[in-house]
Amino acid sequence: MEKGAFLLRIGIFLVFVGLMYSVQRFWFVNAWRRIQEISNSNWRHILQGAWWIAFAILLISLLDPFLGHLFPRRGPGSWIIAASRVWLVASLFAFLAYELVVLFGWGSSFIARVVSSHPKQVDAGRRDFFRYAAYLAGAIPLLGATYGFAAGRFRYQVRKIDVPIANLPDGLEGMKIVQLSDIHAGDFMPRDEVQRAVTMANELGADLAVVTGDFISNEYDPLEVCIQELSKLRAPLGVWGCNGNHEIYAGAEAAAQKLFHQNGMRLLRQENVELSKDGAKFNLIGVDYQRDHMTRGPKGPMLQGMEPLIRHDVPNILMSHNPNSFRRAAEMGVELSLAGHTHGGQVKVEIVDHSISPARLITDFVAGLYHLPTPNGGRSFLYVNRGLGTFGMPVRLGVPPEITLLTLRKI
């Protein structure tokens, strides 16, 4: 079974590499041909030089992870890597849109030639129409990616969600929880933007504030600055957090916990704490990132050894960065899980009433509220926050960054 899964992943990877090669060859070869057609030699040489620079940057950025990171992780280097990744994604969708229109045009022209008594007259205007339509279709993803980088990634959206909890104590009715997740502080999430999100969160007047992991992306990012800004969150029941997978990659799990403590907050690592509101108690649990098939490093059963942390006399709220831990949490009777990790896919495309998101490749729980049955016949809920920051490419399109206000409701 493992061998079959490994071969499947290798197959998918090879198909992906082949597709990316075809896409980049299409754009770069066509660009070179257009440049060669320019009559002014000075402009032609300038554009040829720009073509070679763009080609070299793209090639180096693709090989960068395998060559020991030739580009620096901060400043201009990170911007070059980010621009290359934006181009890779945008050019792929542009290529598909372009070829789809070309294919439709070819089919339309074929049918027209079959049914028309003057096929040459039909072809002339139709060919021009579909050529320009293909150019327009190819430009739309490029414009979309530009918007997603320039504006979409900072259009914070407050989502207010009611969560029905069976047998909720009267004192917890209406309790408000504000959730932030996936900050990814760094070049593409500067300090003032984290500060703005915290200010917006404080304006919601929540009873409890939680931050569900991925404070940074890598070891070069400003973990201390991020946590200092998060410490400005205000909630009567305190500010609590858990680690994400990027704290593992950055070797910052212990550092994050220490900084939380130094700034008057608490980061829970396989720990629980009893909190109360209006005389009603609940159990808050936090765990480090639960590794699965998409994560580097050793893996084990989800939420292994967490049973002693669960209470059966009060409601349980679990902070677990990876939403894939939800099924196990529901089996153990956890009333509410709070997660992040997916970023909602960062890019979402609606096609024929269906949402297409890259996050669906790693989880069934992409964004929003989900529920599963519990062994005692009740329901366990999960909320997946779409995150504030970005990773991989600094673009959000159709998935605005999110600040969540969850309100517990008695049923």
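1. **Basis.** The model is predicted: local features need pLDDT of at least 70, side-chain atom pairs count only at pLDDT 80 or more, and totals for chains, interfaces and linings use all residues. Residues are numbered from 1 along each chain as its sequence is written, and side-chain values use heavy atoms, with hydrogens and water left out.

2. **First sheet.** An open sheet of 6 strands runs in the order S1-S14-S2-S3-S4-S5, with mixed pairing. Its edge strands are S1 and S5 (266–267), each pairing on one side only. Strands are DSSP runs (E, at least two residues), as are helices (H or I, at least four), and both are numbered from the N terminus. Two strands pair if DSSP finds at least two bridges between them.

3. S2 (residues 176–180) and S14 (residues 402–410) are antiparallel and share 4 bridges. Gln 179 stands opposite Thr 404 in S14.

4. S9 (residues 336–339) runs parallel to S13 (residues 379–384), and 4 bridges join them. Leu 338 stands opposite Tyr 383 in S13.

5. **Helix pair.** The axes of H5 (residues 191–202) and H6 (residues 223–230) come within 9 Å and cross at roughly 25 degrees. Axes are lines fitted to C-alpha atoms, for helices over the stretch in contact, and angles run from 0 to 180 degrees between N-to-C directions. H5 and H6 are therefore roughly parallel to each other (angles under 35 degrees).

6. **Cavity.** The whole structure holds 1 cavity of 30 Å³ or more. The largest cavity has a volume of about 60 Å³. On a 1 Å grid over the protein atoms alone, a cavity is a set of points where a 1.4 Å probe fits but cannot get out; a pocket is an open set with protein on both sides within 12 Å along at least five of seven lines; lining residues have an atom within 4 Å of a point. A volume is the space filled by probe spheres set on the points, which are joined across faces, edges and corners. The cavity lining includes Ile 165, Phe 282, Glu 335 and Leu 408. It divides into 8 nonpolar, 1 polar and 1 charged.

7. Of its 20 lining residues, Ala 166, Asn 167, Gly 333, Glu 335 and Asn 376 are the closest to its centre. S1 (157–165) and S13 each supply at least two lining residues. The lining comprises 9 nonpolar, 7 polar and 4 charged residues. Ala, Val, Leu, Ile, Met, Phe, Trp, Tyr, Cys and Pro count as nonpolar, Asp, Glu, Lys and Arg as charged, and the others, Gly among them, as polar.

Definitions and conventions
Parallel < 35°, antiparallel > 145°, perpendicular 65-115°, else oblique.
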